[in-house]
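Please keep the sequence and the structure in view while reading.

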Amino acid sequence: MKKIGLAAQIFIGLALGIIVGALFYGNPTIATYFQPVGDIFIRLIKMIVVPIIISTLIVGVAGVGDMKKLGKIGGKSILYFEIVTTIAIVVGLLAANIFKPGAGVDMTHLAKSDIHKYVETTDKVGHNFIDTIVNIVPTNIIQSLAAGDMLAIIFFSVMFGLGIAAIGEKGKPVIHFFEGVADAMFWVTNKIMNFAPLGVFALIGVTVSKFGVASLIPLGKLVLSVYGAMFFFIFVVFGIIAKLCGTSIFTMIRILKSELLLAYSTASSESVLPKIMEKMEKFGCPKAITSFVIPTGYSFNLDGSTLYQALAAIFIAQMYGIDMPISTQITLLLVLMISSKGIAGVPGVSFVVLLATLGSVNIPIEGLAFIAGIDRILDMARTVVNVLGNSLAAVVMSKWEGQYDSDKGKQYVTSIRQEQVQQEVA
């Protein structure tokens, strides 16, 4: 029997899900039976994310054992994240100004979706930059673990890892324990990934059956603008960054093809977090950097999300015929640079950020109701950019710190190519 790789299995699940969803468009039965399957897969992934982050981060930080060195890595990471996300916002603004996806849109032909839950979330979060900094420090780590508060979990794990390093020999049994936890969780991850094609099939089937192809037509220009800007950002911006790091964006895509397909299908960055940490370590990035940079990037380095937020804001302004001079767009850029940080764990994060941002530049928040119906399709694209951006960030930081193992990276790429050849021969 011909062996089919995981990426091919996920692609088959994606294709079949689209076909089944299209055939049963508008039939609620699909959601009734398929949604639980997709939900189980996402819950399985979320079940292991926190244990993996805690265990790998504690082991990695304990291995570094130097607060000054770790602080330097953290400072460089935040600087890099801010630069790249700012470029993403600029690309989004340029795409919106060049292609003008909102110009001439007839709002009377658009369906409005309920965005009340996003408004409630915005009120509940009350998000600003100062809150983000304060909330990094947990008052109750058990509560933070239960809530999946990633920044608080990272802070605690870093401090715990430094504490283990400080006590020397007494800390070695604790390090061995968390090494065992990490290895066990990665084993569980590999088993869960066998369920990925079925989870993708169910989730995409439900999505297509709900919105249908026809709903994309009135907002087709927005969809094309978003996807075009995302492709530009991946192959030009990420391509240049990867080249400066001595690698290729195409190599990164080849390594992460299964994860990128899975992230696209599920519109969930968490679904691939354990695997991209594992693969970036195999690609030559040290555990200390990988375990710190990638989880932190999930809160501070959402390139796809910030690009979309900038483009969507201008789209809504164009749709309402609101003039957006350069000064107002610069204000929008500055607001997004701050408001997009630190709330990655909030459901519908891009909508929450947009709701918190539009009012500052006098754009009607009601405009979000017109694009909420197709947000899932747009979310799939921005999730891929987020995942690829955080994977690349691990390489950038490893190179910046002079700790990237290029020989290990080359060997891993070679092994992947050989595996692909064997699968084709089989």
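In which loop is alanine 267 found? In this predicted model, alanine 267 belongs to the loop between α12 and α13, the latter spanning residues 273-282.

## Two residues with positive phi

Most residues other than glycine have a negative phi. Alanine 267 has a phi near 55°, a positive value in a residue other than glycine. Its relative accessible area is 15%, and because buried means under 20%, alanine 267 is classed as buried.

Lysine 100 also has a positive phi without being a glycine, with a value near 45°. This lysine is located in the loop between α3 (67-99) and α4 (116-125). With a relative accessible area of 41%, lysine 100 is partly exposed.

## The chain as a whole

The protein chain contains 20 helices and zero strands. Of its 426 residues, 54% are buried. Among contacts in the chain with a separation of 6 or more, 85% are accounted for by residues 24 or more positions apart.

## Two pairs of helices

Two packed helices are described by the angle between their axes and the distance between the axes. Two such pairs are considered here.

On the α2 side, the contact includes Ile30, Phe34, Val37 and Phe41, while α9 contributes residues including Leu198, Phe201, Leu203 and Val206. By class, the contact of α2 with α9 comprises 12 nonpolar, five polar and one charged residues.

The second pair is formed by helix α1 (residues 6-23) and helix α12 (residues 257-266), with axes that come within 8 Å and cross at roughly 20°. How are α1 and α12 oriented to each other? Since angles under 35 degrees count as roughly parallel, α1 and α12 are roughly parallel to each other. The crossing of α1 and α12 is left-handed. Leu6, Ala7, Ile10, Phe11 and Leu14 of α1 meet Lys257, Ser258, Leu261, Leu262, Tyr264 and Ser265 of α12. These residues divide into eight nonpolar, two polar and one charged.

## Residues of α2 and α8

Leucine 44 lies in helix α2, and threonine 189 is found in helix α8. Although 145 residues separate leucine 44 and threonine 189 in sequence, their C-alpha atoms are 8.8 Å apart in space. Leaving aside neighbours within four places in sequence, leucine 44 is in contact with Ile192 and Phe195. With the corresponding neighbours left aside, threonine 189 is in contact with Ile48, Ile52, Pro274 and Lys275.

Helix α8 (residues 172-193) also holds histidine 176. The C-alpha atom of histidine 176 is separated by 8.4 Å from that of valine 59, 117 residues away along the chain.

| Residue | Relative accessibility | Class |
|---|---|---|
| Leucine 44 | 26% | partly exposed |
| Histidine 176 | 52% | exposed |
| Threonine 189 | 1% | buried |

Is histidine 176 buried or exposed? Histidine 176 counts as exposed because its relative accessibility is 52%, and the exposed class begins over 50%. Threonine 189, by contrast, counts as buried at 1%.

## The nonpolar cores

In soluble globular proteins, nonpolar side chains tend to be buried together. The largest nonpolar core in this model has 121 residues. Those with the most contacts inside this core are Tyr80, Phe233, Phe238, Met280, Phe283, Tyr308 and Ile371. Which helix supplies the largest share of this core? Helix α19 (residues 375-400) does so, with 14 residues.

Not counting residues up to four places away in sequence, phenylalanine 283 touches Thr247, Thr251, Met252, Ile255, Val395, Tyr404, Asp405, Lys408, Gly409, Tyr412 and Val413.

A second, separate core has nine residues, among them Ile54, Val59, Ala62 and Ile175. Val59 of this second core is the valine whose C-alpha atom was compared above with that of histidine 176.

Note on methods
Residues are numbered from 1 along each chain as its sequence is written. This is a predicted model: local features need pLDDT of at least 70, side-chain atom pairs count only at pLDDT 80 or more; totals for chains, interfaces and linings use all residues. Side-chain values use heavy atoms; hydrogens and water are left out. A nonpolar core is a set of buried Ala, Val, Leu, Ile, Met, Phe, Trp, Tyr and Cys residues joined through side-chain atoms within 4.5 Å. Buried means under 20% relative accessible area, exposed over 50%, partly exposed in between (1.4 Å probe, protein chains only). Helices (H or I, at least four residues) and strands (E, at least two) are DSSP runs, numbered from the N terminus. Contact means heavy atoms within 4.5 Å. Ala, Val, Leu, Ile, Met, Phe, Trp, Tyr, Cys and Pro count as nonpolar, Asp, Glu, Lys and Arg as charged, and the others, Gly among them, as polar. Axes are lines fitted to C-alpha atoms, for helices over the stretch in contact, and angles run from 0 to 180 degrees between N-to-C directions. Angles under 35 degrees count as roughly parallel, over 145 as roughly antiparallel, 65 to 115 as roughly perpendicular and the rest as oblique. A crossing is left-handed if the near helix is turned anticlockwise from the far one by less than a right angle, and right-handed if clockwise.
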